[in-house]
Amino acid sequence: MSEPIKAIAMISSGLDSMLSAKIMHDLGIDVLGLHCVFRFDPTVDTNTQSRIEKLFEPVGIPIRVEEITEPFFQMVLNPPHGYGKGVNPCIDCKIFMFRHAKKIMQEIGAQFLITGEVVGQRPMSQHKPTLFHIEKEAGLRHLIVRPLSARILPPTLPEENGWIHRDQLFDISGRNRKSQMALAESFGFQIYNQPAGGCILTDPAYSKRAKALLQHRDKSTLKSEDFNLLRLGRHFWTKDGLHVIVGRHEDDNTYLESFRNGRWAFEAVDVTGPLVLAEGIQNDEELRLVAQITARYCGHGKAEIFRIQYESVEKSDILEVVPIRDEILDPWRI
Ligand code: SF4
């Protein structure tokens with residue numbers, strides 16, 4: 001008996017990738033579900049393997065989760081095709097993911113790639129010319145099967161080789177989800193995620209902070225943890241390029257604790273208050289300024305002067321300051 005044809009299905013937690021993997025699995029292809037994950041949000045659940053395995057149980061394929069945060073972050077800093085509305089480099093993101101998948105195809109002897117892409121569904125990366133450009137850049141020309149839209153796309157190598165047939169695939173296009181819902185019902189999928197703007201790089205508030213960071217800091221000094229920090233606290237950029245992050249509540253303060261290294265940390269001595277982290281402090285005047293910002297968010301006691309302790313690898317001390325006035329602080333808020 002001949003060996004089954006192997007393929008990798010790029011899977012997210014959305015319905016389209018579940019459907020695509022299921023269609024190909026049912027056609028007798030030996031499918032491995034590949035979920036590439038980048039983490040720019042320290043507050044999200046990190047137990048991805050079991051979450052995706054549970055979600056894909058009805059598909060019946062093995063799942064491999066690949067953590068790609070660091071190399072992915074380097075691409076996000078300088079995407080050749082630019083960003084969408086936020087800091088989402090969708091075209092380069094796909095090229096990056098497909099290149100990564102190609103390496104795993106070679107490693108496990110897979111013949112082609114499957115995606116849940118639907119022609120015309122998303123503005124930036126799912127128009128036909130862009131789809132072809134992306135697969136060419138990834139070195140996977142004619143090797144990406146998109147089962148949901150395959151019949152309105154040119155034949156791929158797996159079709160030409162007779163491993164799969166056009167009439168077993170679909171001709172879905174556009175943003176309407178009716179066909180996908182009907183297909184999900186026919187497969188008996190009970191639980192699946194609705195399509196959502198799940199990528200943090202498309203989030204407007206997050207993107208605004210990321211753009212400020214990219215504008216003020218030398219990109220070569222940035223690390224992925226700088227992007228993680230954007231999810232936490234209140235952010236301020238002073239006119240002199242000081243970056244100050246103020247914990248909003250206990251959870252923020254707990255997460256911020258793990259980002260102290262290499263940054264200045266400020267906390268009130270006598271009253272309850274936030275953990276405040278700062279970068280770019282050059283002199284005593286700026287130390288005092290951040291202490292005043294810290295004081296602004298300290299308890300609501302009557303004291304007008306707060307004692308604020310600061311600490312870094314260079315030095316630590318206690319400053320007595322009055323809170324900064326909101327009319328000075330507010331224009332710096334991002
Ligand atoms: S939305 Fe995010 S995950 Fe999706 S293609 Fe764009 S950058 Fe990549």
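In this predicted model, the ligand is surrounded by 9 residues. The closest of these are N88, C90, C93, C199 and L201. Sorted by class, the shell around the ligand consists of 5 nonpolar residues, 3 polar residues and 1 charged residue.

The chain is assigned two stretches as domains: domain 1 covers residues 6-200, and domain 2 covers residues 232-332. The distance between the C-alpha centres of domain 1 and domain 2 is 43 Å.

Two pairs of helices were examined for their packing. Packed helices are described by two quantities, the angle between their axes and the distance between those axes. The crossing of α1 past α7 is left-handed. On the side of α1, the contact is made by L15, D16, L19 and K22; on the side of α7, the residues involved are Q180, L183, A184 and F187. By class, the contact of α1 with α7 comprises 5 nonpolar, 1 polar and 2 charged residues.

The other pair is helix α4, residues 90-108, with helix α5, residues 128-137. The axes of α4 and α5 come within 9 Å, and the crossing angle is roughly 40 degrees. An angle of 35 degrees is the limit under which helices count as roughly parallel, and α4 and α5 are therefore oblique to each other. In this case α4 passes α5 in a right-handed crossing. Helix α4 contributes I91, K94, I95 and F98 to the contact, while helix α5 contributes T130, I134, E135 and E137. The residues of the contact of α4 with α5 fall into 4 nonpolar, 1 polar and 3 charged.

Taken pair by pair, the crossing of α1 past α7 is left-handed, whereas that of α4 past α5 is right-handed. Charged residues number 2 in the contact of α1 with α7 and 3 in the contact of α4 with α5.

Conventions: Residues are numbered from 1 along each chain as its sequence is written. This is a predicted model: local features need pLDDT of at least 70, side-chain atom pairs count only at pLDDT 80 or more; totals for chains, interfaces and linings use all residues. A residue is near a molecule or strand if its C-beta atom, placed from the backbone, lies within 6 Å of it. Ala, Val, Leu, Ile, Met, Phe, Trp, Tyr, Cys and Pro count as nonpolar, Asp, Glu, Lys and Arg as charged, and the others, Gly among them, as polar. Domain bounds come from an automatic or database domain assignment. A crossing is left-handed if the near helix is turned anticlockwise from the far one by less than a right angle, and right-handed if clockwise. Helices (H or I, at least four residues) and strands (E, at least two) are DSSP runs, numbered from the N terminus. Two residues are in contact if their C-beta atoms, placed from the backbone, lie within 7 Å. Axes are lines fitted to C-alpha atoms, for helices over the stretch in contact, and angles run from 0 to 180 degrees between N-to-C directions. Angles under 35 degrees count as roughly parallel, over 145 as roughly antiparallel, 65 to 115 as roughly perpendicular and the rest as oblique.
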